[in-house]
Amino acid sequence: MSSSKLHIFNSLNGKKEEFIPINPPYVGMYVCGPTVYSDAHLGNIRTFLTFDIVFRYLTHLGYKVRYVRNITDVGHLVDDADEGEDKIEKRARLEKTEPMEIVQKYTNGFHQTTEIFNLLPPSIEPTATGHIIEQIEMIQKIIDNGLAYIENGSVYFDVKKYAEKHNYGELSGRKIDELLEQTRDNLEGGNEKRFFADFAIWKKASESTIMKWNSPWGIGVPGWHLECSVMSTKYLGKEFDIHGGGMDLKFPHHECEIAQSVGADGIAPVKYWMHGNMLTVNGAKMSKSLGNSFLPNELINGDHPLLEKGYSPMTIRFFFLQAHYRSTVDFSNEALQASEKGHHRLMKAIENINNIKTSPSSSVKVDELVEKCNQSMNDDFNTPVTIANLFEGVKMINLLNENKQTISDADLTKLKSHFHHYVFNILGLKHESENNNNDLVDNLMNVIIDIRKNSKDKKDYATADFIRDELNKIHISIKDSHEGSTWTYEN
Ligand code: AMP
Ligand code: ZN
């Protein structure tokens, strides 16, 4: 066990603080999950990977972590504010289907993607639509506490009233006075809100809205920020250890979550707020609306104008881990190609541990290496330094294999288990064949086409036809020409 202790950068005060759980050995962690109206893009994956590492490392430290990551399946409006259409309903309209079919389709897709990148499933994955009753109860509590008002079938959180006693803006650093200034400019035009920063916790539904529920205030939909307060309280308690999400959620989403929980229960809900930084493309945040996003599959297949080639899921995982979660990462082919080599070298070194011969004593310092890795992870989950430390170990492994250093039996066992544990369990990397699946299929098809050509050359037309017919059965068609044979796959 390391002599250093885990420190986490807390967005609440901008300081690295020693991690002391509220109720050890239990740790509660809530992470804002995807809005399932389309496929998760690579930026989303970066954020979920950050908290996958936190989950894995806390588990490694011996904590019993309850990791809650929600699915947003209602209430997230197109313009991220309180106006406009629900993102899921809009998609359902475009795809000419039911909102819940959209939810199912993209939830399934999200799960497949998380598996591809080796993200561990959360302990609980609650949905907003599954917690409407609890959301109505929380709204009622906030109204009863005098911190929300009803306007034309909608309920708004009263930020100005809240700010009389509490610090609205404590997480994001926004100043209520500045928001007051903006109010004068933004409240023209008959807005139902009394104050610009007020936000809907219940929104009256229009006739055409499909997903809507009955409530004491009429038929409507819960506000987007509310579900996270409700589901984190329900599964982790009024006070829990870690709340995570991307940096872009700090304001207004997380600021509003704090206000709602304090407004309902009078208790600040979260001890450590953690925010992952953005994946950018040429310096701009990757986002669907900017049109600069790509899907994990496009990246894996190299199927996008920005991509020089395809990159495997573990190359991408390694690429993300080479940056600290609080730094931005800019997409680049060059960096991904370097990560591909780095991941490959690390995996090769793990294989090479098996070839090391032991000696009566060690000249290498395995304990020091283990300690350095623990220290870097304890320093706010510093994965790039941890990877650099592991590469010191790779050097060690190579020198041992060249008989330039010596290692005892006991130290070799320790070195092996350290590498396996850190690389596979904590960083969550996996062995991958050098070829990705596409290359593998290409190579296999070349072999089959060669065998068929051989049969034809030997006038064994029965075998050549048999190969062609069998491939046809699995939708692969072979075309023969003077230059040779080519194949296509029709799904
Ligand atoms: P959404 O599905 O839009 O609610 O986003 C899911 C998660 O992905 C949130 O925690 C966002 O903060 C995060 N996210 C969105 N865009 C990016 C990006 N470009 N880089 C990193 N994380 C992102
Ligand atoms: Zn949330």
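Helices (H or I, at least four residues) and strands (E, at least two) are DSSP runs, numbered from the N terminus. The model shown is predicted; local features need pLDDT of at least 70, side-chain atom pairs count only at pLDDT 80 or more, and totals for chains, interfaces and linings use all residues. Residues are numbered from 1 along each chain as its sequence is written, chains are lettered from A and ligands numbered from 1 in the order in which they are written, and side-chain values use heavy atoms, with hydrogens and water left out.

**View 1. The shell around ligand 1 and its secondary-structure elements.** Helix 1 gives the largest share of this shell, 4 residues. Helix 1 (42-60) and strand 9 (240-246) each supply at least two residues. Of the 17 residues around ligand 1, those that come nearest are Gly43, Thr47, Asp248, Leu279 and Met286; a residue is near a molecule if one of its heavy atoms lies within 4 Å of it. By class, the shell holds 6 nonpolar, 9 polar and 2 charged residues, where Ala, Val, Leu, Ile, Met, Phe, Trp, Tyr, Cys and Pro count as nonpolar, Asp, Glu, Lys and Arg as charged, and the others, Gly among them, as polar.

**View 2. Polar contacts of ligand 1 with Thr47, Gly246 and Leu279.** A polar contact is a pair of N or O atoms within 3.5 Å; within protein, one must be able to donate a hydrogen and the other to accept it, and residues adjacent in sequence count only if both atoms are side-chain atoms. Thr47 places a polar side-chain atom 2.6 Å from a nitrogen atom of ligand 1. Polar backbone atoms lie 3.0 Å from an oxygen atom of the ligand at Gly246 and 2.8 Å from a nitrogen atom of the ligand at Leu279. Of the 490 Å² of accessible area that ligand 1 has on its own, the protein covers 91% (Shrake-Rupley method, 1.4 Å probe).

View 3. Strand 11 (residues 279-281) pairs with strand 13 in the parallel sense over 2 bridges, and Leu279 stands opposite Val329 in strand 13.

**View 4. The hairpin of strands 14 and 15.** Strand 14 (residues 476-481) and strand 15 (residues 484-489) pair in the antiparallel sense over 6 bridges. The hairpin joins them through 2 residues, and Asp480 stands opposite Ser485 in strand 15.

Notes:
Two strands pair if DSSP finds at least two bridges between them.
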